[in-house]
Amino acid sequence: MTVKPIHVAIWLPASFYSAVAATLVEMLELVNALRRKPAFSFEFLARTPVAAATSGIAFPARPQPTAPVDVLVLLAMPGLNVPEMLRALAEESGHARPLIEQARQQGAIIAAHCGAAYFLADAGLLDGRRATISWWLKEDALRRFPKVRWDPSRLLLRQDRIYSCGGGFSGLELATALLRDLGFAKEERIVRKLLVLPPARRSQTPYEFPLDQAAPQPFRDRLLEVARADLLALSPESLSETLGLSPRTLARRFTEELQTTPGRWIQDRRLDAARDLLERSDLGVAEICYRVGYQDAASFSRLFSRRTGLSPGEYRRQAR
(Lines give C-alpha, C1' and ligand atoms only; values in the text may rest on other atoms or scores of the structure.)
Protein backbone atom coordinates (compact mmCIF):
# COMPACT_ATOMS: atom_id res chain seq x y z
CA MET A 1 0.00 0.00 0.00
CA THR A 2 1.32 3.45 -0.94
CA VAL A 3 1.60 5.79 2.03
CA LYS A 4 0.73 9.38 1.27
CA PRO A 5 3.57 11.80 2.08
CA ILE A 6 3.05 14.20 4.97
CA HIS A 7 2.30 17.55 3.38
CA VAL A 8 4.06 20.54 4.99
CA ALA A 9 3.03 24.10 4.12
CA ILE A 10 5.39 26.91 5.11
CA TRP A 11 3.92 30.41 5.33
CA LEU A 12 6.37 33.14 4.31
CA PRO A 13 5.49 36.65 5.54
CA ALA A 14 6.46 39.93 3.92
CA SER A 15 10.05 39.47 5.16
CA PHE A 16 11.81 36.48 6.70
CA TYR A 17 15.17 34.78 7.09
CA SER A 18 15.96 32.74 4.00
CA ALA A 19 18.23 30.44 6.02
CA VAL A 20 15.34 29.36 8.27
CA ALA A 21 12.97 28.66 5.36
CA ALA A 22 15.63 26.79 3.39
CA THR A 23 16.88 24.74 6.35
CA LEU A 24 13.38 23.50 7.13
CA VAL A 25 12.86 22.06 3.64
CA GLU A 26 16.41 20.74 3.39
CA MET A 27 15.85 18.72 6.56
CA LEU A 28 12.65 17.30 5.07
CA GLU A 29 14.46 16.47 1.84
CA LEU A 30 17.18 14.68 3.80
CA VAL A 31 14.56 12.50 5.49
CA ASN A 32 13.14 11.68 2.04
CA ALA A 33 16.62 10.73 0.82
CA LEU A 34 17.34 8.58 3.87
CA ARG A 35 14.08 6.67 3.45
CA ARG A 36 14.53 6.42 -0.33
CA LYS A 37 10.91 7.46 -0.81
CA PRO A 38 8.94 10.65 -0.24
CA ALA A 39 7.98 10.81 3.42
CA PHE A 40 7.29 14.54 3.05
CA SER A 41 5.97 16.90 0.41
CA PHE A 42 6.15 20.63 0.95
CA GLU A 43 5.33 24.01 -0.53
CA PHE A 44 5.77 27.66 0.34
CA LEU A 45 2.73 29.90 0.78
CA ALA A 46 2.73 33.69 0.60
CA ARG A 47 0.69 36.67 -0.53
CA THR A 48 2.81 37.05 -3.67
CA PRO A 49 3.98 34.51 -6.29
CA VAL A 50 7.57 35.19 -5.30
CA ALA A 51 8.39 35.78 -1.62
CA ALA A 52 11.61 37.68 -0.99
CA ALA A 53 13.63 37.13 2.17
CA THR A 54 15.46 39.95 3.95
CA SER A 55 18.59 38.84 2.08
CA GLY A 56 16.85 39.25 -1.29
CA ILE A 57 16.75 35.50 -1.94
CA ALA A 58 13.47 34.63 -3.65
CA PHE A 59 11.19 31.68 -2.95
CA PRO A 60 8.39 30.64 -5.35
CA ALA A 61 5.13 30.54 -3.43
CA ARG A 62 1.40 29.94 -3.81
CA PRO A 63 -1.48 31.81 -2.20
CA GLN A 64 -3.23 28.60 -1.12
CA PRO A 65 -2.05 25.04 -0.45
CA THR A 66 -2.41 22.60 -3.34
CA ALA A 67 -3.16 19.65 -1.04
CA PRO A 68 -4.63 19.10 2.43
CA VAL A 69 -2.14 20.40 4.98
CA ASP A 70 -0.77 17.99 7.58
CA VAL A 71 1.72 20.47 9.07
CA LEU A 72 1.53 24.26 8.81
CA VAL A 73 4.72 26.13 9.75
CA LEU A 74 4.36 29.89 10.16
CA LEU A 75 7.48 32.03 9.86
CA ALA A 76 7.52 35.60 11.09
CA MET A 77 9.45 38.65 10.05
CA PRO A 78 12.73 39.49 11.78
CA GLY A 79 13.54 42.90 13.21
CA LEU A 80 15.02 44.74 16.17
CA ASN A 81 12.69 47.73 16.27
CA VAL A 82 9.97 46.25 18.46
CA PRO A 83 7.22 48.87 17.78
CA GLU A 84 7.69 48.50 14.01
CA MET A 85 7.77 44.71 14.29
CA LEU A 86 4.56 44.68 16.30
CA ARG A 87 2.82 46.77 13.64
CA ALA A 88 4.06 44.39 10.95
CA LEU A 89 2.89 41.36 12.95
CA ALA A 90 -0.55 42.88 13.40
CA GLU A 91 -0.86 43.46 9.65
CA GLU A 92 0.50 40.03 8.71
CA SER A 93 -1.79 38.33 11.22
CA GLY A 94 -4.83 39.27 9.17
CA HIS A 95 -3.36 37.56 6.10
CA ALA A 96 -2.29 34.44 7.99
CA ARG A 97 -5.56 33.93 9.87
CA PRO A 98 -7.60 32.26 7.06
CA LEU A 99 -4.76 29.81 6.47
CA ILE A 100 -4.51 29.06 10.20
CA GLU A 101 -8.26 28.42 10.39
CA GLN A 102 -8.12 26.16 7.33
CA ALA A 103 -5.28 24.14 8.85
CA ARG A 104 -7.13 23.92 12.17
CA GLN A 105 -10.26 22.57 10.46
CA GLN A 106 -8.14 19.96 8.68
CA GLY A 107 -6.66 18.81 12.00
CA ALA A 108 -3.15 19.85 11.00
CA ILE A 109 -0.21 20.40 13.29
CA ILE A 110 0.34 24.17 13.47
CA ALA A 111 3.82 25.40 14.36
CA ALA A 112 4.81 29.04 14.91
CA HIS A 113 8.40 30.19 14.59
CA CYS A 114 9.71 33.37 16.18
CA GLY A 115 7.06 36.11 16.41
CA ALA A 116 4.52 34.00 14.50
CA ALA A 117 3.14 32.88 17.87
CA TYR A 118 1.52 36.33 17.71
CA PHE A 119 -0.60 35.04 14.78
CA LEU A 120 -1.80 32.04 16.77
CA ALA A 121 -2.55 34.15 19.85
CA ASP A 122 -4.39 36.72 17.73
CA ALA A 123 -6.50 33.90 16.24
CA GLY A 124 -7.37 32.63 19.73
CA LEU A 125 -5.62 29.29 19.27
CA LEU A 126 -3.34 29.79 22.25
CA ASP A 127 -5.95 30.76 24.84
CA GLY A 128 -5.35 28.63 27.92
CA ARG A 129 -2.32 26.96 26.31
CA ARG A 130 1.37 27.23 27.16
CA ALA A 131 3.38 28.97 24.46
CA THR A 132 6.64 30.80 23.88
CA ILE A 133 7.66 33.63 21.57
CA SER A 134 10.82 35.53 20.63
CA TRP A 135 12.29 36.89 23.84
CA TRP A 136 12.30 40.49 22.60
CA LEU A 137 8.51 40.34 22.12
CA LYS A 138 7.68 38.81 25.48
CA GLU A 139 6.59 41.98 27.28
CA ASP A 140 4.06 42.89 24.60
CA ALA A 141 2.85 39.28 24.30
CA LEU A 142 2.21 39.08 28.05
CA ARG A 143 0.29 42.36 27.97
CA ARG A 144 -1.62 41.87 24.72
CA PHE A 145 -2.65 38.23 25.10
CA PRO A 146 -3.23 37.63 28.83
CA LYS A 147 -5.25 34.43 28.22
CA VAL A 148 -2.14 32.68 26.91
CA ARG A 149 0.08 30.88 29.42
CA TRP A 150 3.27 32.48 28.10
CA ASP A 151 6.64 31.02 29.09
CA PRO A 152 9.10 33.10 27.02
CA SER A 153 12.10 31.55 28.75
CA ARG A 154 11.50 28.32 26.83
CA LEU A 155 12.99 27.80 23.39
CA LEU A 156 10.27 25.38 22.28
CA LEU A 157 6.85 24.45 23.65
CA ARG A 158 4.25 22.03 22.33
CA GLN A 159 0.73 21.48 23.57
CA ASP A 160 -1.73 19.29 21.75
CA ARG A 161 -0.99 19.92 18.05
CA ILE A 162 0.29 23.47 18.55
CA TYR A 163 4.01 24.26 18.59
CA SER A 164 5.74 27.55 19.33
CA CYS A 165 9.42 28.44 19.45
CA GLY A 166 11.68 31.43 19.95
CA GLY A 167 13.55 33.57 17.49
CA GLY A 168 16.18 32.97 14.84
CA PHE A 169 17.54 29.47 14.63
CA SER A 170 15.23 28.04 17.26
CA GLY A 171 13.70 26.83 14.00
CA LEU A 172 16.22 23.98 14.24
CA GLU A 173 14.64 22.81 17.50
CA LEU A 174 11.22 23.17 15.92
CA ALA A 175 12.15 21.08 12.88
CA THR A 176 13.81 18.31 14.87
CA ALA A 177 10.90 18.15 17.35
CA LEU A 178 8.43 17.83 14.48
CA LEU A 179 10.46 15.03 12.90
CA ARG A 180 10.61 13.09 16.15
CA ASP A 181 6.93 13.58 16.94
CA LEU A 182 5.90 12.54 13.43
CA GLY A 183 7.69 9.23 13.84
CA PHE A 184 11.05 9.97 12.25
CA ALA A 185 13.28 9.85 15.34
CA LYS A 186 15.82 7.58 13.64
CA GLU A 187 16.09 9.86 10.61
CA GLU A 188 16.20 12.95 12.83
CA ARG A 189 19.31 11.63 14.60
CA ILE A 190 21.03 11.04 11.26
CA VAL A 191 19.98 14.45 9.90
CA ARG A 192 21.35 16.11 13.04
CA LYS A 193 24.70 14.40 12.47
CA LEU A 194 24.81 15.11 8.74
CA LEU A 195 24.13 18.82 9.27
CA VAL A 196 26.34 19.00 12.40
CA LEU A 197 23.49 20.60 14.32
CA PRO A 198 24.13 21.83 17.88
CA PRO A 199 22.78 19.84 20.85
CA ALA A 200 19.14 20.46 21.64
CA ARG A 201 18.61 23.64 23.65
CA ARG A 202 15.79 24.32 26.10
CA SER A 203 16.02 27.97 27.03
CA GLN A 204 16.07 31.33 25.24
CA THR A 205 17.26 33.18 28.32
CA PRO A 206 21.02 32.89 27.69
CA TYR A 207 20.51 34.63 24.34
CA GLU A 208 18.84 37.73 25.72
CA PHE A 209 20.60 41.07 25.74
CA PRO A 210 19.49 44.66 26.38
CA LEU A 211 17.80 45.91 23.22
CA ASP A 212 19.41 49.33 23.65
CA GLN A 213 22.43 47.74 21.99
CA ALA A 214 20.40 47.28 18.80
CA ALA A 215 17.86 50.04 18.27
CA PRO A 216 18.33 53.48 19.91
CA GLN A 217 15.40 55.29 21.51
CA PRO A 218 16.05 58.69 23.16
CA PHE A 219 13.94 58.22 26.30
CA ARG A 220 15.19 54.69 26.94
CA ASP A 221 18.79 55.66 26.18
CA ARG A 222 18.64 58.45 28.75
CA LEU A 223 17.21 56.02 31.30
CA LEU A 224 20.04 53.60 30.62
CA GLU A 225 22.63 56.34 31.17
CA VAL A 226 21.10 56.96 34.59
CA ALA A 227 21.02 53.23 35.37
CA ARG A 228 24.66 52.73 34.37
CA ALA A 229 25.73 55.68 36.52
CA ASP A 230 24.41 54.15 39.76
CA LEU A 231 22.40 50.94 39.53
CA LEU A 232 22.36 50.45 43.31
CA ALA A 233 20.61 53.78 43.92
CA LEU A 234 18.12 53.34 41.09
CA SER A 235 14.47 53.74 42.05
CA PRO A 236 11.34 55.32 40.54
CA GLU A 237 11.88 58.28 42.85
CA SER A 238 15.50 58.79 41.79
CA LEU A 239 14.51 58.56 38.12
CA SER A 240 11.80 61.21 38.61
CA GLU A 241 14.29 63.54 40.28
CA THR A 242 17.12 62.98 37.79
CA LEU A 243 14.90 63.36 34.72
CA GLY A 244 12.92 66.28 36.15
CA LEU A 245 9.61 64.49 35.68
CA SER A 246 6.75 64.06 38.12
CA PRO A 247 6.07 60.44 39.17
CA ARG A 248 2.84 60.51 37.16
CA THR A 249 4.54 61.80 34.00
CA LEU A 250 7.36 59.29 34.42
CA ALA A 251 4.88 56.41 34.68
CA ARG A 252 3.03 57.66 31.59
CA ARG A 253 6.26 57.88 29.56
CA PHE A 254 7.18 54.33 30.58
CA THR A 255 3.77 53.03 29.54
CA GLU A 256 3.70 54.89 26.21
CA GLU A 257 7.30 54.35 25.11
CA LEU A 258 8.44 51.17 26.84
CA GLN A 259 5.15 49.38 27.58
CA THR A 260 6.16 48.73 31.19
CA THR A 261 6.31 50.39 34.60
CA PRO A 262 9.30 52.12 36.23
CA GLY A 263 9.54 49.42 38.91
CA ARG A 264 9.44 46.56 36.41
CA TRP A 265 12.01 48.32 34.18
CA ILE A 266 14.40 48.78 37.12
CA GLN A 267 13.97 45.12 38.06
CA ASP A 268 14.83 44.13 34.47
CA ARG A 269 18.00 46.27 34.54
CA ARG A 270 19.13 44.59 37.76
CA LEU A 271 18.52 41.17 36.23
CA ASP A 272 20.38 42.22 33.05
CA ALA A 273 23.35 43.18 35.21
CA ALA A 274 23.12 39.87 37.07
CA ARG A 275 23.08 37.90 33.82
CA ASP A 276 26.13 39.79 32.59
CA LEU A 277 28.05 39.01 35.80
CA LEU A 278 27.03 35.35 35.64
CA GLU A 279 28.35 35.15 32.07
CA ARG A 280 31.55 37.17 32.47
CA SER A 281 32.73 36.67 36.04
CA ASP A 282 33.34 33.90 38.55
CA LEU A 283 31.60 35.76 41.38
CA GLY A 284 29.29 33.73 43.59
CA VAL A 285 25.54 34.18 43.39
CA ALA A 286 25.38 35.96 46.75
CA GLU A 287 28.01 38.52 45.70
CA ILE A 288 26.23 39.12 42.39
CA CYS A 289 22.97 39.58 44.29
CA TYR A 290 24.49 42.40 46.37
CA ARG A 291 26.23 44.02 43.40
CA VAL A 292 22.99 44.44 41.45
CA GLY A 293 21.05 45.88 44.35
CA TYR A 294 19.40 42.99 46.19
CA GLN A 295 20.04 42.15 49.82
CA ASP A 296 18.71 38.61 50.14
CA ALA A 297 20.37 35.95 47.97
CA ALA A 298 17.54 33.44 48.35
CA SER A 299 14.90 35.97 47.26
CA PHE A 300 17.11 37.07 44.40
CA SER A 301 17.54 33.46 43.21
CA ARG A 302 13.78 32.89 43.30
CA LEU A 303 13.15 36.07 41.31
CA PHE A 304 15.86 35.17 38.80
CA SER A 305 14.41 31.68 38.32
CA ARG A 306 10.87 32.99 37.98
CA ARG A 307 11.81 35.61 35.39
CA THR A 308 14.31 33.60 33.34
CA GLY A 309 13.18 30.00 33.77
CA LEU A 310 16.67 29.03 35.01
CA SER A 311 18.41 29.16 38.37
CA PRO A 312 21.47 31.47 38.46
CA GLY A 313 23.77 28.43 38.45
CA GLU A 314 22.00 26.77 35.52
CA TYR A 315 22.01 30.05 33.61
CA ARG A 316 25.78 30.35 34.09
CA ARG A 317 26.34 26.79 32.84
CA GLN A 318 24.22 27.31 29.71
CA ALA A 319 25.57 30.77 28.89
CA ARG A 320 29.23 29.76 28.89
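**H7 against H9**

I started with how helix H7 (residues 218-229) sits on helix H9 (residues 247-258). This is a predicted model, and in it the two helices pack at an angle of about 120°, with their axes 10 Å apart.

Next I asked which residues make the contact. On the H7 side I found Phe219, Arg220 and Leu223. H9 brings Leu250, Arg253, Phe254, Glu257 and Leu258. I sorted the residues of this contact by type and got 5 nonpolar, 3 charged and no polar.

**The cores**

Then I went looking for the largest nonpolar core, and it has 38 residues. Leu74 and Trp150 are the ones with the most contacts inside it. I listed the elements that give two or more residues to this core: strands S1 (6-11), S5 (71-74) and S6 (109-112), plus helices H2 (82-105) and H3 (117-122). Which element gives the largest share? I found that to be H2, with 8 residues.

I took a closer look at Leu74. Skipping its neighbours within four places in sequence, I have Leu74 in contact with Trp11, Ala96, Ile100, Ile110, Ala111, Ala112, His113, Ala116, Phe119 and Leu120.

Last entry: I found a second, separate core of 37 residues. Ala21, Val71, Phe184 and Val191 are among its members.

Technical notes:
Residues numbered from 1 in each chain as written. Predicted model: local features only at pLDDT ≥ 70, side-chain atom pairs only at ≥ 80, totals over all residues. Heavy atoms only, no water. Core = buried A, V, L, I, M, F, W, Y, C linked by side-chain atoms within 4.5 Å. Buried < 20%, exposed > 50% of the residue type's maximum accessible area, 1.4 Å probe, protein only. Helix = DSSP H or I, 4+ residues; strand = E, 2+ residues; numbered from the N terminus. Contact = heavy atoms within 4.5 Å. Axes fitted to C-alpha atoms, helices over the stretch in contact; angles between N-to-C directions. Nonpolar A, V, L, I, M, F, W, Y, C, P; charged D, E, K, R; others polar.
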